[in-house]
Amino acid sequence: MVLISDTSTQWLEIPQTVHEQSWQQSQVISIPGNRLQAYLNQVCLQTVLPWLQERSEIEPVISSASSPAVWELVNGSAIALGTTRLVLMPTEAMDKSEFRVPQEWVDLPSWVGDYYLAIEIDTDEQSLTIWGYATHEMLKSQGQYDPGDRTYSLDGADLIQDMTVFWVMQQLVAEPTRSEIPALPTLSAAQAEALIQRVADLAIALPRLEVPLNRGVLCWSR
Amino acid sequence: MNPRQSITELFSTFAKLADDHFVCWICDRRLRRNVLKHLEQAAKSDGLDDSEQGWVLYWHQLWQNHPENLATGHLSAYLQEPCYWVARKMMSHQTGTQYPLADCFQIAIASLSDILKRYSPNHGASLKTYASLVFGNTIRDSLRQQHEADIRTDWGLLRKLSQKRLVESLQQTGLSADAIASYVLAWTCFKTLWTSGDAPATRRLSRPDQATWDAIAQLYNRQRPHQLSPTAPQGTPETLERWLLSCAKYVRAYLYPATTSLNLSKSESGAGELQDDLPDRAGASPLTDLITQEELQERQTQQAQINEVLTTALTTLNPQIQTLLTLYYGQQLTQQQIAVQLDIKQYTVSRRLSSAKESLLLKLAQWSQETLHISLTSTAVSHMSVVLEEWLEEKGRLKIED
C-alpha cells in the first residue's frame, strides 16, 4: 500500500493587490523585522478571509484590531465564524517543527480563540499554506510556556495537520475548545498610562518584552 | 522489491538499497533470534492472534511499556516495506532536483520514533497506513526544505526557520545550553532588525550592513541581562556575525543528515544500545499483551461496519467526484496528472478531492458518534481521517483488481 495524501496541503496565492497594499501600509514601521511582521499579518488576513468566505456557510468577520500598529507589537489576528473564534498565526518558518503563539492570544480573556491556525507565508512565492491547527485547550494544557519571548508553543506534530478535520468539526456540534483562564488583575489608569508610555517609545525593538508580564498583557488590551 | 513472507522475516530483516534501487533483504540475527523465541512461546498459548497485525500490535504495546527493548528494531524492520514504496512513489512524482531513493528512504525512516509515539492502535487504522502517511509528509517537507536551503543565502535561511529547528540544529552539534541561549538571542535580534528594505522576499537576503550589526549588538546587550545567565558574554558586532554564520552552517548540516550506515538493524532508532527483552523478562510473560482472537474479531466486525457506512456514503457523491477518487486512489495518479486528463485546474482537483474526503469523513464521524458513542473532538476525528484514508486506498486497489 502506498499512501500519499497530498489533499490536505493547500497553497493559497497572495493576490498582487493585497501584496502591494500590505507592503505599502507596513512602511510606517521603522524597525525592519516588525515591519515584515505587520506585512505578514496583513497578507495573511486578507488572503485567508476570502478563502473562508468561499468555504464557510457562515460569513467570516474580522474580530481583532488589525493595523500595522498592533502587528508591530503582537503577531496574529482573529476572525469570527459565527460564535467560533479563529486566531490566525502567520510565520515565515518553513519547517513545521513548532507552533508558537504569543501569550496575549492565550491568556487575555478578550483575545482568546477557539482554533489557532498555523500559517506559513512564503514571501518569495507570494503564497501561504495553513499547515495545521490547535485548540486553546491544547495550547494551554500541552503547550510549553517560554518566558524568553512570552509564547506558548506546541510541537508541530501535536497539531492537527489535516485541515479536512477542521472543516468537518465546523459542521458538527461544537467541541469543547477552551481552557479556563484566570481574570486579570486590575490596573489603575495612572499605572496603565505609565506602561503605555514605556512601550510607546518606538526606539524599542522588542516592546512586548519591556513591561512586566501580566501588566504588559493587560496594557495591550486597552 | 520481493515482499517478505514469514513473520520472522517481517520483523527481523532490513532493506539494503543502492542509490536508486532495492538490492536485497538483510537479516539482523539478534532480532531474528528474538522473533523466533516469541513465536515459540506464542505457539504454546491458545487463542492468541498470531497474524501479522497481531504481532504489530504486540510489538507496539511492548514498545510503549519498554521503549528501550528490541521492539523498536522489530517495528523498524516491519516498516521497511511501506517506507520503501512511499520513497519510490515520491521519487516518481518529483520534478526538478532528483534525490537518490536511498536518501528519501532514510529521511522517512528517521521519523520512526515519532510514528511509534503517536500511533494509536485503538483507532482502527493500521500502523502501516499511519506510518505511510507520515513517511510521505516527512519526505515532501524535507525535500522542500532542502531545496529552499539550496537556493537561500545564509541570511535568508536564518529567517526561514522556527526557533525549535534552530535549537535542534545547535543541539546536534553539541553546544552547551548556555551557548545555545546566546545564539538564539543573537538570532532573535537579527530577525528583529534585518530584512530587505525593498520587498518582503528573503531568499536572496544580503548580509546586514555595519549600522545594522551595531544595532543588533546593542539590542543583544540590552536583552542579555533579562534572557541569559549572568556569565553570558557581551556581544560585539563581530562575535554576533560569527555566531549567526555558524547557526546557518549547523542548520544546513541538520537538513542534510549524513547517509552513512544506512538503515541497518537498530542504528536508526537512535535509542542507543537496545537490550534483549528476553529472556530477562520471560517471567513477566509479555505475551499477555498479545491480543486475543476475540478482540481481533471485534475489530473485524467494526471494520466491516465502517466499510458499509463508507460504501453507502460514497454512492451519494456525484459521479464526477467518484471518478476523481478512482483516478486518485485507484490509478494513483497525481493531482497534476488528473488535472491534465480531465482538463481542469489542479487547484480544482485538490479542492474537489478534499471536499469529497470532507463529506465522507463527516459521515464516518457522525456514525462513530451514534454507534460507538465516541465524543467528537478534533483529535478523535483526525484519527478517523486516517481510517478513511486507509479505506480509500483499499477501495482504490480493489477497483483496479476488479
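**Walking through the two chains**

Analyst: Let us start with chain A, where the C-alpha centres of domain 1 and domain 2 lie 23 Å apart. Please keep in mind throughout that this is a predicted model.

User: Ok, and which residues belong to domain 1 and domain 2 of chain A?

Analyst: Domain 1 of chain A covers residues 11-178, and domain 2 of chain A covers residues 184-222.

User: What about chain B, how is that one divided?

Analyst: Chain B is divided into domain 1 (1-126), domain 2 (154-255) and domain 3 (292-402), and the centres of domain 1 of chain B and domain 2 of chain B, taken over C-alpha atoms, are separated by 40 Å.

User: How many helices and strands does chain B have?

Analyst: Chain B has 18 helices and two strands, and of its 402 residues 40% count as buried.

User: Where are those two strands, and how do they pair?

Analyst: They are β1(B), residues 13-17, and β2(B), residues 22-27, which pair in the antiparallel sense over five bridges. The two form a hairpin with four residues between them, and within this pairing Thr13(B) stands opposite Cys27(B).

User: Let's do a helix. What length should α3 of chain B have?

Analyst: Helix α3(B) runs over residues 52-65, and because each of its 14 residues counts for 1.5 Å, it should span 20 Å, which agrees with the 20 Å between its end C-alpha atoms.

User: Which residues of α3(B) are buried?

Analyst: The buried residues of α3(B) are Trp55(B), Val56(B), Leu57(B), Tyr58(B), Trp59(B), Leu62(B) and Trp63(B). What covers them includes α1 (7-10), α4 (71-78), α7 (112-118) and α8 (127-151) of chain B.

User: Switching to chain A, is β4 enclosed or open, and why?

Analyst: Strand β4(A), residues 84-91, is largely enclosed by the rest of the structure, because seven of its eight residues are buried.

User: And what does β4(A) pair with?

Analyst: With β3(A), residues 77-81, β4(A) pairs in the antiparallel sense over five bridges, whereas with β6(A), residues 115-122, β4(A) pairs in the parallel sense over six bridges. Val87(A) in β4(A) is the bridge partner of Ala78(A), and Val87(A) also has Tyr116(A) in β6(A) as a bridge partner.

User: What sits in the turn between β3(A) and β4(A)?

Analyst: Those two strands form a hairpin with two residues between them, and Gly82(A) in the turn has a positive phi of about 65 degrees.

User: Which residues have the most contacts inside the largest nonpolar core?

Analyst: That core has 109 residues, and those with the most contacts inside it are Leu88(A), Leu117(A) and Ala108(B). Leaving aside neighbours within four places in sequence, Leu88(A) is in contact with residues including Cys44(A), Leu45(A), Val48(A), Leu117(A) and Ile119(A). There is also a second, separate core of 33 residues, with Trp155(B), Leu166(B), Tyr183(B) and Cys247(B) among them.

User: Last topic: how many residues of chain B are in contact with chain A?

Analyst: On chain B, 52 residues are in contact with 40 residues of chain A. The helices of chain B that each supply at least two residues of this side include α5 (80-93), α10 (163-172), α12 (210-227) and α18 (378-401).

User: What kinds of residues are on that side of chain B?

Analyst: The residues of chain B on the side that touches chain A divide into 17 nonpolar, 19 polar and 16 charged.

Notes. Residues are numbered from 1 along each chain as its sequence is written. Chains are lettered from A and ligands numbered from 1 in the order in which they are written. This is a predicted model: local features need pLDDT of at least 70, side-chain atom pairs count only at pLDDT 80 or more; totals for chains, interfaces and linings use all residues. A residue is buried if 20 or more other C-beta atoms lie within 10 Å of its own, exposed if 12 or fewer, and partly exposed in between; C-beta atoms are placed from the backbone. The expected span of a helix is 1.5 Å times one less than its number of residues. Two residues are in contact if their C-beta atoms, placed from the backbone, lie within 7 Å. Ala, Val, Leu, Ile, Met, Phe, Trp, Tyr, Cys and Pro count as nonpolar, Asp, Glu, Lys and Arg as charged, and the others, Gly among them, as polar. Domain bounds come from an automatic or database domain assignment. A nonpolar core is a set of buried Ala, Val, Leu, Ile, Met, Phe, Trp, Tyr and Cys residues joined through C-beta atoms within 7 Å. Two strands pair if DSSP finds at least two bridges between them.
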